[in-house]
Amino acid sequence: MRAWGLLALALSAACGHTHSARNAPGNVDVRRPPERIEDETAEAPEDPGENAIVVAGGGLVGGGIGLSGERDEEFVYGVGPELSLGYGESDVSHVDDAFFIYPQRSYGANLGWTALANEGTGVGPLYGELYFGETLLWAAGGWSWDPNDRIHGPQITLTMVALYVRLSHQLDHATQITGGISVKIPHSFVWSR
Amino acid sequence: MPIAATALLVVNDHVLKGSGLLPGWLTGKLSDFAGLFVFPIFLFVVADVLTRGRSTQARGRTAIGAALVTAAGFSAVKLVPGVNALVHTLLDPSDLIALPACALAALWLVREPLGAPSSALRALACAAVALACVATSAPRLVRNYPMWKVESLGKRRIGCGEVDVWVSKSGKQGIGVTVRIAPASSGPCQARITRARFSAGPTAVDAESAVSLEKNGKSHLYLPFVFDNETLWNDEHHTAQLELVIQVGDREERLVLNLRHVWSGAHHVVERDRSEPPDAQAPLQFAEPPR
């Protein structure tokens with residue numbers, strides 16, 4: 001129990017963001033006089049939005065159906081870690097006390113390992129995906145490869161907030177449709193557009 | 001459960017928010033979770049009162065409908081700028097993490113063997129409405145911007161007028177400077193700027209044509225300086241000089257003002273419905289006597 005507590009503490013500490021001062025000024029229409037010319041305080045600039053590099057680590061837990069030409073449908077499960085690295089953009093800069101800081105649109109890559117699975121005999125499949133995210137919806141596509149069983153194939157993952165659905169196909173072997181929970185703790189490095 | 005959630009909403013909105021006892025993100029989320037639990041129950045009670053005597057199955061559908069309506073409304077407020085503008089709250093998609101509270105409310109309503117709405121439940125509904133009306137938002141930490149500030153001029157008598165200068169606009173595209181000339185005595189007092197130059201690091205730029213505006217009997221000249229301020233900021237040129245040659249009445253003077261690019265941090269606190277200017281002007285004093 002203590003180990004779980006320490007793990008939760010470590011994850012919560014990792015969940016954060018770092019600011020850069022780069023490009024910090026806002027947007028102004030310099031040629032147009034201020035709305036209140038007599039006001040001796042400067043007019044607030046417009047928000048240019050921001051960019052971010054996001055590193056996210058966590059894991060996926062899920063189950064679903066396995067379809068194979070040799071066997072009937074069977075229940076399959078998969079549990080394993082995943083690491084993501086991406087670049088993102090937001091039209092509106094983040095609020096600093098938001099629960100987590102994540103860009104509005106993001107592009108990047110996921111590297112994962114389905115460490116515990118009923119399919120296969122070795123370390124379990126490794127996979128790499130490229131992803132695109134908009135608000136709280138991410139679509140990813142890539143390839144999985146099991147080094148022990150020497151099977152590989154494409155996979156597609158759709159994630160909404162913390163729920164995911166994954167379609168993976170091992171060439172000449174089987175197809176799996178799984179869904180579950182994806183929990184990844186992001187750390188964003190943020191700078192102005 | 002609903003009473004506990006309502007109590008949490010009250011304590012959080014009226015005691016914890018802004019108290020410094022808990023971080024802002026946590027008090028914000030507590031309100032979201034509690035509110036999204038209480039509001040579907042409120043909707044359910046209203047619907048149940050309007051259609052009294054229905055079957056348990058119908059009530060189950062009403063509970064799920066109330067949760068879905070609440071979730072859809074909350075999502076629209078947090079994601080759609082047009083809807084968000086109606087309720088004066090921040091557009092923050094991360095608040096959607098509280099949506100499972102709607103499902104919990106529906107689950108509670110389905111599992112709870114409710115008869116006709118009790119007086120306690122009605123009171124809860126009224127309380128939910130009242131709280132929805134008076135709930136407060138915690139101060140939010142929104143983006144702050146570096147601003148050029150004049151750090152060296154006070155009101156200065158030149159000829160027939162009193163002159164004051166400040167930076168009105170500051171951003172990536174340059175700065176805008178306002179020069180105010182107030183007549184020091186009754187009678188005509190004409191003023192014009194014959195030279196206005198901003199210099200910082202490798203940048204030296206003259207003002208584009210000044211815009212003259214009258215306000216409260218005082219003449220305001222707005223001077224736009226267009227330059228790549230973002231590059232200046234990134235190259236860490238945070239000090240500048242503003243040279244003005246002003247003719248007021250029959251007197252002409254040359255002022256050289258020191259400017260500083262000031263940034264008081266990546267974010268600043270904004271109360272609900274308030275948009276404070278990022279930085280107030282510092283008290284003004286002469287840095288260099290006019291020649």
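In which strand of chain A does L167(A) lie? L167(A) belongs to β9 of chain A. Everything here comes from a predicted model, where local features need pLDDT of at least 70, side-chain atom pairs count only at pLDDT 80 or more, and totals for chains, interfaces and linings use all residues. Residues are numbered from 1 along each chain as its sequence is written, chains are lettered from A in the order in which they are written, and side-chain values use heavy atoms, with hydrogens and water left out.

View 1. With 42% relative accessibility, L167(A) counts as partly exposed, a class between buried (under 20% relative accessible area) and exposed (over 50%), with a 1.4 Å probe and protein chains only.

**View 2. The nonpolar patch of chain A.** At least two patch residues come from each of β2 (50-68), β8 (151-160) and β9 (163-170) of chain A; strands are DSSP runs (E, at least two residues), numbered from the N terminus.

**View 3. Where chain B meets chain A.** Here 53 residues of chain B are in contact (heavy atoms within 4.5 Å) with 40 residues of chain A. Together the chains bury about 4000 Å², 63% of it on carbon and sulfur atoms; buried area is the accessible area (1.4 Å probe) lost on putting two parts together, summed over both.

**View 4. A salt bridge between the chains.** E40(A) pairs with R180(B) in a salt bridge, their closest N and O atoms 2.7 Å apart. The term means a side-chain nitrogen of Lys or Arg within 4 Å of a carboxyl oxygen of Asp or Glu. Between chain B and chain A the count is four salt bridges.

Technical notes
Helices (H or I, at least four residues) and strands (E, at least two) are DSSP runs, numbered from the N terminus.
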